[in-house]
Structure formats: structure tokens, C-alpha cells
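This report considers one model in terms of a sheet, a chain contact and a helix. Please keep the sequence and the structure in view while reading.

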Amino acid sequence: MEFLFVLLQAVADYGSMGAAVGAGLAVIGAGIGIGNIGGHAMEAIARQPEAGSMIRSNMIVAAALVEGVAFFAIVICLLIIL
Amino acid sequence: MTSFGKFVITATLLIFVSFATGYAQHDDTHKSTEMHETENGRKKFEPGNFIMDHIGDSYEWHIATVGEKHISIPLPVIVYSEHTGVHVFMSSHFHHGHESYEGLSIAKEGENKGRIVEAVGNETLRPYDISITKNTLSLFISIALILWIFISVAKAYSRRKGQAPKGLQSMMEPLILFIRDDVAKESLGEKKYKKFTPYLLSIFFFILLNNMLGLVPIFPGGANLTGNIAITMILALFTFIITTVNANKNYWKHIIWAPGVPWWLKVPPLPIMPLVEIMGIFIKPFVLMVRLFANMTAGHIVALGFFSLIFIFGEISVGAGYGGAVFSVAFTTFLFFLEILVAFIQAYVFTLLTALYVGMATEESH
């Protein structure tokens with residue numbers, strides 16, 4: 001516990017550290033979201049292989065939309081650092 | 001193609017390309033921004049500046065650095081200052097940003113870093129700047145490329161009526177039919193898709209070509225045009241204008257009085273639903289803009305970061321540099337393939353969402 005406090009003091013640039021933590025959290029959100037999409041898409045293709053290509057294109061669209069949201073957070077964190 | 005048509009296209013291409021036939025610039029006394037002399041004479045590599053220089057805009061097109069010498073294409077600087085009038089000259093006079101010319105110079109730090117500022121009295125002001133920068137020249141090059149590809153494909157279709165497509169036609173036809181059938185007809189319906197298909201095709205191929213050109217590491221590619229938020233802002237603005245101008249009464253009715261929502265969310269003193277819908281009118285194109293910009297810029301930053309790993313390891317020792325280069329090249333190759341996929345996906349998602357918004361705005365009531 002004290003080690004963490006010492007680390008916190010040593011970093012001292014709370015703005016940049018906040019940006020780094022924010023970027024990491026954004027990636028967690030994107031990973032969970034896109035993983036969900038991919039997983040459900042796999043199940044759907046396993047249930048009905050003929051619909052495979054339709055499911056694949058919808059999965060990619062949904063993944064791009066979720067990624068767009070994650071990139072919002074990345075851009076804000078970059079703006080803090082720069 | 002008629003010989004006059006060929007002449008027009010060649011002249012257009014030459015006009016655009018003539019901006020680039022400046023003279024390659026050699027400068028022996030210049031130190032680059034990413035290498036600085038340390039006390040014992042060795043250069044230190046700064047990845048932050050390296051990456052920012054590559055994804056940003058600049059007044060010259062940098063091709064290579066050989067030792068201390070920069071080889072870059074100088075571009076025209078066109079500036080109007082309220083105090084000293086119009087200045088037009090080539091950016092080689094700045095000598096890579098180290099000297100000033102006619103009272104103008106490139107700012108080194110502060111809020112105008114990397115842009116032209118003018119020293120007036122004690123302060124530095126930013127004049128009206130309509131220079132042909134790297135991104136502008138890249139825009140001209142991609143416009144010339146798009147015009148050449150699609151005019152020749154159109155001529156081929158009118159010349160080869162009823163025959164199977166050949167050559168460039170067969171590369172463009174699947175993409176064009178895909179956008180027309182799976183994007184335009186799906187979202188806009190059979191009756192209205194013809195009106196908006198030209199716009200959808202234009203933005204799809206514009207975004208796709210510029211994304212691809214941004215991946216090419218050497219001139220005429222590599223300028224990261226779609227990672228410039230001004231370009232994506234204009235594309236999103238076009239979508240916003242087309243959606244709003246073509247919206248019918250149902251669209252406005254749904255915004256002010258959304259059906260299926262309880263009445264106490266829609267009336268004053270706090271009409272939450274209409275407020276959210278009105279914010280949505282502006283947020284949807286804004287998200288389009290940020291999605292494309294962030295995807296492209298982030299991809300380039302990661303690719304450049306992988307490249308910088310080689311030099312960062314090289315700082316530690318020469319052997320570590322060579323060893324790290326193997327992994328770095330492998331990662332970067334994988335990332336380039338991913339970026340090609342992302343280029344297609346981002347162009348497709350922008351076009352699909354535009355089609356969806358226009359479709360929702362022009363929907364008949366049901």
C-alpha cells in the first residue's frame with residue numbers, strides 16, 4: 001500500500017497519469033464490447049452456417065461503431081497529454 | 001476516348017502535379033527535429049516528435065533524410081497578412097523552419113507550433129494562411145487519381161456496351177454494385193436511392209482512396225489526409241447538410257414529438273425527448289467526423305510507434321537495434337494489413353451511416 005503511495009508521489013504529473021488510466025479504461029470497454037459481438041456472432045454462425053456472410057458483415061459494422069466510441073476516449077486522452 | 005478528352009485530363013493532371021516538380025532541397029547545416037546533438041556528438045532519437053511530424057501537416061513534403069541532409073519537396077506558401085499584404089513564395093525560403101522570410105516564420109512552440117506566424121511589433125500573429133501544404137497537395141493528387149480512374153471506367157462502359165467488363169472496370173464494378181445494392185437500396189428504398197447514390201459513391205471512394213494513400217510510405221502517398229480533422233469535418237458537414245435539406249415532415253415530427261414515448265417526457269417544463277433528439281441531429285455527424293479521424297490517426301500512430309521501436313532499441317545498443325528490427329518489421333507488416341482492412345471498414349461505415357441517416361430523414365410515415 002505504501003509502495004503505491006510512493007509511486008503516486010513520484011509520478012506527480014497527475015494530468016498525464018489520468019490520461020494514461022483513461023486510455024486503459026477505454027480499451028477495457030472496447031475489448032469487452034467487441035469480444036461480446038464476436039462471441040455472439042460465432043454462436044450465430046454455428047447455429048446457421050448458411051447465414052455466415054450476412055452475420056460477418058453485420059458483426060464488422062457493429063464492431064466499427066463500438067470502436068468509434070472507444071476512439072473518442074483515446075482522442076480526449078491524447079488531447080490531455082499534448 | 002477522344003483526343004480532346006485525353007488532352008483535358010492530361011492537362012489537369014499536369015497542373016496538379018506541377019506543384020510538386022519543385023527542386024529537392026539539400027541543406028547541410030540543418031539538424032532535423034527528431035535528432036539532437038548530445039554532448040558527446042551522438043544523436044538522440046525522440047519518438048514523440050518523429051510521430052507528430054509524420055501524422056501532421058507541414059509546409060514542405062519531406063521525402064528522406066540522408067545523414068544530416070533533408071530531401072523534401074518545397075510547397076507554395078500563400079499568406080495574406082493585414083499588416084504587410086499578400087506573400088507568395090516557396091517554403092524552401094524557410095530552410096525547414098529555421099529562418100524567417102519577409103517577416104514570416106514557422107513558430108517553434110506555443111499554440112501556433114508548426115504554423116506560419118508574423119512578428120508584428122512585440123507579438124506574433126497568425127495571418128490568413130491559404131498555403132498549399134502537404135495535405136492540400138495530397139488532396140489534389142487524390143482528386144486527380146479519382147478523376148482519372150472513374151472517367152476512364154465511365155468511358156469504358158459507354159464504349160463497350162453490352163460486353164463483359166474488362167480491366168479497371170472489373171475492379172470497380174463489384175465495389176460500385178456493392179454500395180448501390182447493399183448500402184443505398186437497403187437504406188433508402190427502391191424509390192429514392194438513385195438521387196443519393198452519386199453522393200454515397202463519391203464519399204466511399206474518396207475516403208477509401210485517401211485512407212489507402214495514407215498507408216503508402218513514399219510520395220505521392222503517406223500524407224494522412226483522412227487523419228486531418230478538417231477534412232473529416234467537411235465530409236460530416238456535407239452529410240449533415242444533405243440530411244437536413246432532404247428531411248421531410250415526418251422527420252421533424254418524430255424529433256419534436258417522438259411516437260411511443262410517454263407524454264410527460266415530451267412536454268414543457270422539461271421536454272427531455274425533443275432536447276435529446278435535437279442534440280442527436282448534431283451529434284450524429286460529429287461522431288462520423290471523430291470516428292474516421294481517430295481511426296486513421298490512431299492507426300498511423302501505432303505503426304510509427306512500432307517503427308520507432310527499432311531506433312529506441314538502437315539507442316541502447318546496435319545489436320539490440322538489429323534484433324528489435326526483426327520483431328518491429330513483423331509487427332509493422334501485420335499492422336499494415338490490419339490498416340488496409342480498417343481503411344475499407346471505415347469508408348464502408350461512413351457511407352453506410354450516411355445512407356442510414358438520409359434514409360431515416362426521408363422515410364415515409366408508417
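## An open sheet in chain B

Three strands of chain B form an open sheet in the order β6-β5-β10, with antiparallel pairing, where strands are DSSP runs of E of at least two residues, helices are runs of H or I of at least four, both numbered from the N terminus, and two strands pair if DSSP finds at least two bridges between them. The edge strands, each pairing on one side only, are β6 (85-90) and β10 (128-129) of chain B. Strand β5(B), residues 76-81, pairs with β6(B) in the antiparallel sense over six bridges, and Pro76(B) stands opposite Met90(B) in β6(B).

## Basis of the model

The model is predicted, with local features needing pLDDT of at least 70 and side-chain atom pairs counting only at pLDDT 80 or more, while totals for chains, interfaces and linings use all residues. Residues are numbered from 1 along each chain as its sequence is written, and chains are lettered from A and ligands numbered from 1 in the order in which they are written.

## Contact between the chains

Nine residues of chain B are in contact with eight residues of chain A, contact being C-beta atoms, placed from the backbone, within 7 Å. On the side of chain B that touches chain A, α8 (272-316) and α9 (318-361) of chain B are the elements that give two or more residues, and α8(B) gives the most, with six.

## Helix α4 of chain B

Helix α4(B), residues 168-188, is followed by Gly189(B), whose phi is positive, near 90°.

Methods:
Contact = placed C-beta atoms within 7 Å.
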